[in-house]
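Me: I would like to go through this structure with you, one topic at a time. Please keep the answers plain.

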Amino acid sequence: MLLILQLSTTQAQKFTLNDVIQLARDQSIAGKQAATLRKTNYWKYRTFLSDFKPQLSLDGSLPSFTRSFVQVTQPDGTIAFQPVSNNNSILNLSLSQNIPLTGGSIFVQQQLQRFDNFLNNTTLYNGIPFAIGLTQPLFRFNQMKWDRRTEPLRYAESNQQYIEALEQVAVDATSLYFDLLVAQVNLQIAETNRANNDTLYKIAVHKLDLGKISQNDLLQLQLSVLNAKKDLASARQTAEVASLKLRSYLNTNDANSGRPQPFELVVPTQLTEFPVDISKALTEAFANRSASIGFRRQLLEAERDTEKARKENGLNATLNAEFGLSNRGTQPSDVYVRPQDREFLEVRFVLPIMTWGRAKARTETALANQQLIVQTVEQNKRVFEQQIYTQVTLLDMLRQQVKLTAEADQIAQNRYQIAQDRFKLSNLSVTDLGIAIQDKDRARRDAILALRDYWQAFYSLRLLTLYDFETNHKITY
C-alpha cells in the first residue's frame, strides 16, 4: 500500500492547453488581482451613484460643556473677565439632494438647541421645526454634470479591462505552456538521440571488427554519444526550470512542496478552421476593448477641462438661500408652538479684475491640451487598427505554417528511420546519418514552435478584439 501511494504522488499530471489556461484564470495571482480590481472598481462606481441620491444625516454636539472665564468688553471700553458655566448642545437632522443639472444642492432640515446656564440654573431651547434651503453655484463649472458623463464610461472601461486581464492571463499561460512543451520535446529528442547513438555506437564497434567502418567514423559516433549525454543533461535542467515557472504562475498548491507532481503536456495539434474578417475584427475591437471606451472618455475629459478653465477664470458666485420656521422657549415643546418665519439669502461672488493674463493663459493651456489629446487619440486609433490588421493576417499565415511544419516533421522522421536502417546495413555513411538526425530534430522543433506561434497569435487576437471568432460571440466572464 505504501509503494502504491508513493507511485501515485509522483505520477505525471496530464494537461491540455485549455486546462492550463483555465487553471491560470482561476488560480494565478494575475487572475485574482484582476478579480479584486474589478470588485474595487464596482464599489467605486457604487459610491459615485450614491452621491446623486438623497442623503440623510444627523449631526450635532452633545454635550458641549464649558466652565471658564471669558473676556467681556464693558460699555466704557474696558475688559472684564466673567465666569461662565454652561452646556450648549445642538442636534441637526437634514435630508439633502444634489442637483446634477445645475450643480447645486437642496436640503431640508430640523434642528433643536439646548442651552443650560449652571450659574443661575436656567435652561433655554431654540429650534428650527422646519427649513428648506438651496446652495447654487452661479456662472461656475458644474463638476457633477461632467461626472455623470465620464464616470459611467470609466466603469465600463474597467469592466472591459477585467476581461482583457483574463485574456492576458491566457496569453501568458500559453507562452509558459509552450516553453515547457518545447523543453519536454527537446528532452524527448535528447533521450531518443542518446539511446539511438548508444545503439549505433555498439553496432559501429561490431562493424569495425568486421572491417566495414573506419576508426575515424567510430570516433565520430563515440563523440556523438558524449554530445547526446550532454544534451540530455541540459534538456533535463531546462525542462525542470520551465516546469517550475509554469507551476509558479498557476499558483498550484504543491508549488513549494518537496516533490511536486510533474506536468505532462498534450501537444495541441487540433486546429479549428474558422474565417476571420478584418472589418469584423475592427468593429468588434472598437466595440469591446477598454481602449476604445477610453478614447471617448479622454475626449470628454479634455472638453471638460477646457470648460472648467473658461468658467473658473471669470465671475464666480454662489447663491445660498433658506426659508423655514424657528422659535425658542423654556421647554422643547415651545419650539413647535406658533413658530416664526426664518429667512436667509446670500450671494457670494469673486470677480477677477487684474490677473496679468493668467485667465487667458489657463484657457489657452486647456485648449492646447484638448487639441493634443484629440491628436493622441487619433494616433492611438490608427495604431490600434494596425495591430488588428497585423494580427488577423498573422493568424492566417501561421495556420498554414503549422500544416507545412507538421508535414515536414513527418517526412524528416521517415527519412531518419530509413537512414538508420541503411546505416545498420552498412549502406550509409556516418556523415549522412548525422545530417538525417539533425534534420529530424530540427523538423520536430519547428513543428512545435509553429504551434506555439499560432496559439499565441490566436489568444492575442482574442485579447485585441475581446471576440471569439471560433464560436462567433463576444467574450464575457
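Me: Where do Tyr-454 and Phe-458 lie?

Reply: Both are in helix α9, four residues apart, which is about one turn of the helix. Please bear in mind that this is a predicted model.

Me: How are the rings of Tyr-454 and Phe-458 arranged as an aromatic pair?

Reply: The pair of Tyr-454 and Phe-458 is stacked, with 6.4 Å centre to centre and 25 degrees between the planes.

Me: And is Tyr-454 buried or exposed?

Reply: Tyr-454 is buried, because its relative accessibility of 1% falls under the 20% cut-off. Phe-458, at 6% relative accessibility, also counts as buried.

Me: Which residues do ring pairs link into a cluster?

Reply: The cluster consists of Phe-274, Tyr-454, Trp-455, Phe-458 and Tyr-459. Phe-274 also has a charge over its ring: the charged end of Arg-399 sits there, 4.9 Å from the ring centre.

Me: Which ring has the charged end of Arg-148 over it?

Reply: That is the ring of Phe-52, with the charged end of Arg-148 at 5.9 Å from its centre.

Me: Back to aromatic pairs. How many does a search of the whole structure find?

Reply: The search finds 14 aromatic pairs. One of them is Tyr-45 with Tyr-155, whose ring centres are 4.3 Å apart and whose planes are at 5 degrees, so this pair is stacked.

Me: Which parts of the chain does that pair link?

Reply: It links distant parts: Tyr-45 belongs to helix α3 (residues 29-50) and Tyr-155 to helix α4, and the two are 110 residues apart. Tyr-45 is buried, with a relative accessible area of 18%.

Me: New topic: cavities. How many of 30 Å³ or more are found?

Reply: The search of the whole structure finds one cavity of that size. The space in the largest cavity is about 40 Å³.

Me: What lines the largest cavity?

Reply: Its lining is made of Phe-274, Leu-395, Phe-458, Leu-461, Arg-462, Tyr-467, Asp-468, Phe-469 and Glu-470. The elements that give two or more residues are α9 and β10 (467-468), and α9 gives the most, with three residues.

Me: How does that lining divide by class?

Reply: The lining of the largest cavity has six nonpolar and three charged residues, with no polar ones.

Me: What about the largest pocket: what is its volume?

Reply: The largest pocket has a volume of about 590 Å³. It is lined by 27 residues, and the closest to its centre are Asn-193, Asn-227, Asp-231, Ile-437 and Asp-441.

Me: Which elements supply at least two residues of the pocket lining?

Reply: They are α4 (143-210), α5 (215-250) and α9 (430-465). The largest share, ten residues, comes from α5.

Me: And the lining of the largest pocket by class?

Reply: There are twelve nonpolar, eleven polar and four charged residues in that lining.

Me: Last topic, the strands. In which sense do β3 and β4 pair?

Reply: Strand β3 (residues 65-73) and strand β4 (residues 79-99) pair in the antiparallel sense, over nine bridges. Within this pairing, Arg-67 has Ser-85 in β4 as its bridge partner.

Me: What do β3 and β4 form, and which residue in the turn has a positive phi?

Reply: They form a hairpin with five residues between the strands. The turn residue is Gly-77, with a positive phi of about 95 degrees.

Definitions and conventions
Residues numbered from 1 in each chain as written. Predicted model: local features only at pLDDT ≥ 70, side-chain atom pairs only at ≥ 80, totals over all residues. Heavy atoms only, no water. 1 Å grid on protein atoms, 1.4 Å probe; cavity = no way out; pocket = protein on both sides within 12 Å on 5 of 7 lines; lining within 4 Å. Points joined across faces, edges and corners; volume = space filled by probe spheres on them. Nonpolar A, V, L, I, M, F, W, Y, C, P; charged D, E, K, R; others polar. Pairing = 2+ DSSP bridges. Phe/Tyr/Trp six-rings, centres within 6.5 Å; stacked < 30°, edge-to-face > 60°. Buried < 20%, exposed > 50% of the residue type's maximum accessible area, 1.4 Å probe, protein only. Lys NZ or Arg CZ within 6 Å of the ring centre and 35° of its normal.
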